[in-house]
Amino acid sequence: MSHAATSSLPGTSIAQPAGAPVAVETRIVQIPCPPAARTWQGLAPRLQDALGNAEPVRLICIDADDERLVFDAALVETRREPAWPGLLADTPAPGAHAPSGAPDVVVSLLPTGIRAEVGGFAGDATPATNLLAAACDHLITNPNAVTASDLYFAADNVGYLEGNLLCRFMLGQLDLGVGAQRRVGLVVEEPVQDDFGRNVLNAVNAMRTVAGVEVDPVVFTGRIRTESRYAEHGHATGEYGDLGALLDALEHAHASGARAVGVVSSIDVPQPVREAYYRGEPIPNPWGSAEAILTHTATSYFGMTAAHSPLLLEAAHTCFGTLGDPRDGAELISSAFLCSMVRGLSRSPALIPATAPHRVGEQRLTADQVRAVVMPESAVGNIPFFVALDRRIPVILVRGNHTTGRVTPQCLGLAPEQLGPGRPVYTVASYAEAAGLLLAMREGIAPAALMRPIQGVEPIMLNPAERASAAA
């Protein structure tokens, strides 16, 4: 793309060629671990032993049996210093609780790349997300739950946090600041054709003039080679070229003062896979997981919130006139795909190191304030689930949100009846039922009181000698 093509937007710049190479590797790791040790405190040291000095930016459990767990690990090789402690560095102390009167926080996790019936498409989880948000003060969720190409209808109290930062929030490495609208930077892969670059700039100008969002800087950079793949376990993944150009452009955006950044880049998807997905065949979104690795890398090395939107490579990929799954309608009418991402990032929380002192009047959300975590029942192989068990945070599993994932609490040997007291895990049929359960918990209504059949009280009978001992 020429400089003239970008001159219509003040502040647009061209990133310099990448410096030191940045390599991404995905690795399948098996670790021995009995069910009794399957919380983050038990898993983190075992994963550290298995990975050695490698630093993961993403860890997902994709299979399990009685003796072992199988993780998909994304590892980044770079000389850059990370912005946060390692994912395996901290294990939370159990049983932490927020002080009385603290904001009421709920986390809704919707992993990408596993074709969730709700949330696996183009922002189709927005209604369910808004319903959950109505039952708490602040709802934290993944960008893919509510971003829908050009459409963004998330409620005002929905916080937009990609998976890596969501994990670090749950681990207690960072707190979230709320309230102010953020300036958004963009990193855009240099398009093959100038028309696509001008299309991106038109979308940016529309967000500036219509939505009033401050977008600056817009950094055009070199090719960010990313190819969509499906792993042997059936989930979507990706292969990556040198990401040095991406990190150099992110450095430019961060140095310019942006604390929220959108990455606009192409994801190479084989045409037969693209067509099968839009026909509604039961395959995971081929873009999602590859996008997630890019944003996990970005947020691991820079103190910015981030999200990704795809960049067109061919005009035919706009899908204009294609009648597809209603949940993909927002994608089928767009050619820029980035307006909802920019809006979501402008309302994303500020990232505050948990060790930073509190400022006067500062409103922070902390891991201790999380009242519940909501996620699909078949996708519990993630850090927030394991951390919730350590922190004694109630987990609400939505059975009706089917995914291609195979990791359930039963698969992990962590079914509700096996966890014991103090680690509540509830299974519900739908997000409507999940919202009702959140309301009950907020109002102090015991969830068991809403279930049938209800069990009667079983008194504990002490014999006279035990009563005397208890009295002494």
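Analyst: Axes are lines fitted to C-alpha atoms, for helices over the stretch in contact, and angles run from 0 to 180 degrees between N-to-C directions. Helices (H or I, at least four residues) and strands (E, at least two) are DSSP runs, numbered from the N terminus. This is a predicted model, in which local features need pLDDT of at least 70 and side-chain atom pairs count only at pLDDT 80 or more, while totals for chains, interfaces and linings use all residues. Residues are numbered from 1 along each chain as its sequence is written, and side-chain values use heavy atoms, with hydrogens and water left out.

User: Thanks! How do helix 2 and helix 12 lie to each other?

Analyst: Two packed helices are described by the angle between their axes and the distance between the axes. Here, helix 2 (residues 40-51) and helix 12 (residues 383-391) have axes that come within 8 Å and cross at roughly 130°. The two helices are therefore oblique to each other.

User: Which residues of helix 2 and helix 12 meet?

Analyst: Contact means heavy atoms within 4.5 Å. From helix 2 come Trp40, Gln41 and Leu43, and they meet Ile383, Phe386, Val387 and Asp390 of helix 12. To sort such residues, Ala, Val, Leu, Ile, Met, Phe, Trp, Tyr, Cys and Pro count as nonpolar, Asp, Glu, Lys and Arg as charged, and the others, Gly among them, as polar. This contact has 5 nonpolar, 1 polar and 1 charged residues.

User: And at what angle do helix 5 and helix 12 pack?

Analyst: Helix 5 (residues 163-171) packs against helix 12 at about 10°, and their axes are 9 Å apart. That makes the pair roughly parallel. On the side of helix 5, the contact is made by Leu166, Cys167, Met170 and Leu171; helix 12 brings Ile383, Pro384, Val387, Ala388 and Arg391. By class, these residues divide into 8 nonpolar, no polar and 1 charged.

User: Let's turn to rings. How many aromatic pairs does the structure hold?

Analyst: A pair of aromatic rings is described by the distance of the centres and the angle of the planes. Rings of Phe, Tyr and Trp (its six-membered ring) pair if their centres lie within 6.5 Å; planes under 30 degrees apart count as stacked, over 60 as edge-to-face and the rest as tilted. This structure holds 2 such pairs. In one, Tyr152 and Tyr160 have ring centres 6.3 Å apart and planes at 65°, so the pair is edge-to-face. In the other, the ring centres of Phe385 and Phe386 are 5.6 Å apart with planes at 70°, so this pair is edge-to-face.

User: Are Tyr152 and Tyr160 buried or exposed?

Analyst: Buried means under 20% relative accessible area, exposed over 50%, partly exposed in between (1.4 Å probe, protein chains only). Tyr152, at 13%, counts as buried, and Tyr160 is buried at 2%. Phe385 is buried with a relative accessible area of 0%, and Phe386 is buried with 0%.

User: Now the sheets. What is the strand order in the open sheet of 6 strands?

Analyst: Two strands pair if DSSP finds at least two bridges between them. The order of this sheet is 7-6-5-17-18-19, with parallel pairing. Its edge strands, strand 7 (158-160) and strand 19 (425-428), each pair on one side only. On average, neighbouring strands are turned by 25° against each other, direction ignored. Within the sheet, strand 18 (residues 395-398) pairs with strand 19 over 4 bridges in the parallel sense, and Ile396 stands opposite Tyr426 of strand 19.

User: And which strands stand at the edges of the open sheet of 3 strands?

Analyst: This sheet has the order 2-4-3 and antiparallel pairing. Strand 2 (23-32) and strand 3 (56-64) stand at its edges with a single partner strand each, so one side of each is left without a neighbour in the sheet. Strand 2 and strand 4 (residues 68-77) run antiparallel, joined by 10 bridges, and Glu25 stands opposite Leu75 of strand 4. Strand 3 pairs with strand 4 over 7 bridges in the antiparallel sense, and the two form a hairpin with 3 residues between them. Pro56 has Leu75 as its bridge partner in strand 4. Strand 3 is mostly covered, with 8 of its 9 residues buried.

Definitions and conventions: Angles under 35 degrees count as roughly parallel, over 145 as roughly antiparallel, 65 to 115 as roughly perpendicular and the rest as oblique.
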